Amino acid sequence: MVIKVFVATSSGSTAIKKKQQEVVGFLEANKIDFQQMDIAGDEDNRKWMRENVPGEKKPQNGIPLPPQIFNEERYCGDFESFFSAKEENIIYSFLGLAPPPGTKETEKSGVTEEKSEATEEKSDATEEKSEATEDKSDSKDEKSDATDETEAHTEDKADEGAPEEAQAGQTPPEGQQEGEEEHAATGEEEEKQGEGEEKEEVEEQEES
């Protein structure tokens, strides 16, 4: 991956020259490999740069001014974007490069990773709590089912006992049955005695 900086070495604009020198000087000071692409003396470089700068980054006249920075064919940005990235210590991200160890950008990256890991741990803890809650809910459901089964079993027993109670209510007590039988037998004896007395009276009348 090669950083390409498109510049105009023979530009008459002092502002453009200063911007180009700042970009090139920063890359050299930080030992970042790059290629300086001159658009003033090479028409192909000028054409390629104009075609590959995104439309939203082009000025109103449609002709982007140097310096323009690319990582191979991927557009990084113009001088303003480069300057902002440098101020925020994210120049390597801006260039699409991995920051070397010991830089502020690496420290920022490490903090971001730690935050990300902490967020993942919190997420795992939340999932564990959710699973524990589901287990408790399942346990409650099982208890509820067991209670329902117990109640249903009790109702079945009550239903089975009901006909027996009904039969018991329809059948009179044994003592009552015996009393009724004795009463019926006594009535028959009384009837027989009455018939005997009538016969005796008739016989007495006939004799007289």
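Modeller: Before we start, two strands count as paired if DSSP finds at least two bridges between them. And keep in mind that this is a predicted model.

Colleague: Got it. So what order do the strands of the sheet come in?

Modeller: The order is β2-β1-β3-β4, in an open sheet with mixed pairing.

Colleague: Which strands stand at the edges?

Modeller: β2 (34-38) and β4 (74-78) do. Each has a single partner strand, so one side of each has no neighbour in the sheet. On average, neighbouring strands are turned by 25° against each other, ignoring direction.

Colleague: And how do β1 and β3 run, parallel or antiparallel?

Modeller: Antiparallel, with 4 bridges joining β1 to β3 (residues 68-71). Val5, for instance, has Ile69 in β3 as its bridge partner.

Colleague: What does α2 pack on?

Modeller: On the sheet, where α2 touches β1, β2, β3 and β4. The direction of α2 makes about 80° with that of β3.

Colleague: I'm curious about Asn45 in that helix. Buried or exposed?

Modeller: Asn45 counts as buried, because its relative accessibility is 14% and the cut-off for buried is under 20%. Beyond its neighbours within four places in sequence, Asn45 contacts Phe6, Met37, Asp38 and Ile39.

Colleague: Switching topic: how many residues are in the largest nonpolar core?

Modeller: It has 16 residues, and Ile69 is among those with the most contacts inside it, as are Phe82 and Phe94. α4 gives the largest share, 4 residues.

Colleague: What does Phe94 touch?

Modeller: Not counting residues up to four places away in sequence, Phe94 touches several, including Ile69, Arg74, Phe82 and Ala85. There's also a second, separate core of 8 residues, with Val53 and Tyr75 among them.

Conventions
Residues numbered from 1 in each chain as written. Predicted model: local features only at pLDDT ≥ 70, side-chain atom pairs only at ≥ 80, totals over all residues. Heavy atoms only, no water. Core = buried A, V, L, I, M, F, W, Y, C linked by side-chain atoms within 4.5 Å. Buried < 20%, exposed > 50% of the residue type's maximum accessible area, 1.4 Å probe, protein only. Helix = DSSP H or I, 4+ residues; strand = E, 2+ residues; numbered from the N terminus. Contact = heavy atoms within 4.5 Å. Axes fitted to C-alpha atoms, helices over the stretch in contact; angles between N-to-C directions.
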